[in-house]
Amino acid sequence: MARFLAPEAFVAAAETLSLLPFNLERMGTSQYLVANMVGDFIRLTERELHRLIDLRLQPGDGLYEKAYAAHLITGTNQQAQRQLLALRLRSRMSFLRQITPLHIFVVTLRCEHSCPYCQVSRQSTDRSRFDMSDETAMRALDIAFSSPAARIKIEFQGGEPLLNLPLIRTIVKAAKARSGPADKVVDFVIASNLAMLNDEVLDFCKSNDVLLSTSLDGPADLHNENRPRPGANSHELAVAGIRRAKEVLGPDRIGALMTTTEASLDRVDDIIDQYLQLGLDGIFLRPLSPFGFALKTKQFQKYDAGKWLDFYERGLRRVLDINRQGKPFREFYAALILTRMLSDRPIGYVDLRSPAGAGLGALVYNYDGSVFASDEGRMLAETGDNAFRLGHVDHDSYKSLVLSDKLIDAISSSLTQCAPECSTCVYESHCGADPVYHHATQGDALGIKPLSAFCARQKGIMGLLLDILENSPEDAAILRRWAAS
Amino acid sequence: MLLMPQAVKGFAPPPVGTVVDFDASVQGLGALDAAAYRLIGTATCQIDRVADRYVCHLIPSGNPQKGAVPSPDDLKERFLNLVADENLRARVAEKTEGVRNVILALAFGSLAASQKDVV
């Protein structure tokens, strides 16, 4: 009588298994978070982890399937998984092909605000001393157009850049004239407090496709406390400016950023409500940066990473609540990290990448012609620290700036891929090096990560996002939508 | 009863540390170093070689970056967990160094160009 063969007969011939690289982090008692080489996460018990490392697993035991799907094991002779990981890694890092896409022009250091946490030392007098000259601007433009990126963004900053609108006009006109022959697409952004916004500025922005970016710290009392100006009407002017810009330029042509001061910590709902009332499509919950006036006035020391993470979690959960009620609204930093965690899209966000974005992601041309590796680098210089000053537009070319020893040292010494703790961190694929931050806070571009508030914040946010993705299905669906678009 | 006046006001006793030692023939120094690094901000760790043992002196940081000052037992448990995890990381690194280099070469190195037609 014919019989079926035993199940073992249908199993493929036993193949030698190999372990693929991964990072791990203990999470509570007997549980580990494990990330493969491109940052896909999986949770394993301590027993499972030991079995995995010893390769004591076989088809049908559950762990084998889990480890295979998570690219933690492969057949020794199988090439597909290695090629797949290489392809995904190459895709994730392909932001490196677009070298120096961002060029920041500090057209003036003058400002009519006097914010205690401002990252830049503001100057209110002496136009000739603190405004960028036409000659400096054109030299900076030469450098910007020498960068290899096919699409560059020119961002105007200050001080308050609208105090030097004539120079902005000159630079935009000259950049547009060069873009065709140079075969480059050029985008423009003005980062302004909007206090000087008027119809002339709006007409200029509209006819030249210029985006506006502004600061909005929350409701009037909070915003005005953070951002003093004569007349104590910073909030009134910012809100009026946002409304007017949305009306004239379109709803997606202006964005706002907030900065968290000590006074913000208990006000996250009020802050988010302010953004909702203005019809903005999301909020970027940002901590204070340890640069410029924020250091001088000791604003930076007024809260630690733990307090900021509490603030952030309350904010994120409030944003998710708004989405559950049917109103699409994002927290932009979470969206950025989720795109890293849930896709292989190349995210070259200058503050969250390794190799660091300093110089390779952005160059900053200061009003006096000095060139810096990042905006934070020039803020440090305003308080006397020239560690990230790469050169001067009068004496340097694009190549001499990005190949300077100073920049190469800062970037190579801060790579997370080979830094202590970072290189074995389970979140490494989604994190970044921030040499300027660590230089400012610890006097070292690499920094000691167990002491780094940057590290604590990154781990805290990614841990929170993973928790929501795994344990709150409705919120997880919202987070996935943020990563998909 | 008269009390003696305090010689020092607000005196804080030095943090109480603990000692953990390992058999140097079975425990690598690299994992101890890495574990000590991860403990920065919570405690300092001085590692001495004494005969065939690594002796780790753990002293809680006076101004801990990560919450309250841990007790000697908590500190010991924390350090042993860190060492155990570093041993696991070392084993994974040892077993995967070759394939990591192959993947990196496929992605960015000399093998990347030859993969263009294949992948």
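User: How many residues does the contact take from chain A and from chain B?
Analyst: This is a predicted model, in which local features need pLDDT of at least 70 and side-chain atom pairs count only at pLDDT 80 or more, while totals for chains, interfaces and linings use all residues. Side-chain values use heavy atoms, with hydrogens and water left out. With contact meaning heavy atoms within 4.5 Å, the two sides give 30 residues from chain A and 27 residues from chain B.

User: What area do chain A and chain B bury between them?
Analyst: Buried area is the accessible area (1.4 Å probe) that two parts lose on being put together, summed over both. Of this area, 66% lies on carbon and sulfur atoms, and the total for chain A and chain B is about 2700 Å². On the side of chain A, 19% of what is buried comes together from the residues that lose the most area to chain B, namely A:R26, A:I53 and A:P450.

User: Which residue of chain A meets B:R89 in a salt bridge?
Analyst: A salt bridge here is a side-chain nitrogen of Lys or Arg within 4 Å of a carboxyl oxygen of Asp or Glu, and the rule finds 4 of them across the interface of chain A and chain B. For B:R89, the N to O distance is 3.6 Å, and the partner is A:E25.

User: Which element gives the most to the side of chain A that touches chain B?
Analyst: Helices (H or I, at least four residues) and strands (E, at least two) are DSSP runs, numbered from the N terminus. Those giving two or more residues to this side are β2 (22-26), α1 (46-53) and α3 (80-92) of chain A. With 7 residues, the element that gives the most is α3(A).

Notes: Residues numbered from 1 in each chain as written. Chains lettered and ligands numbered in written order.
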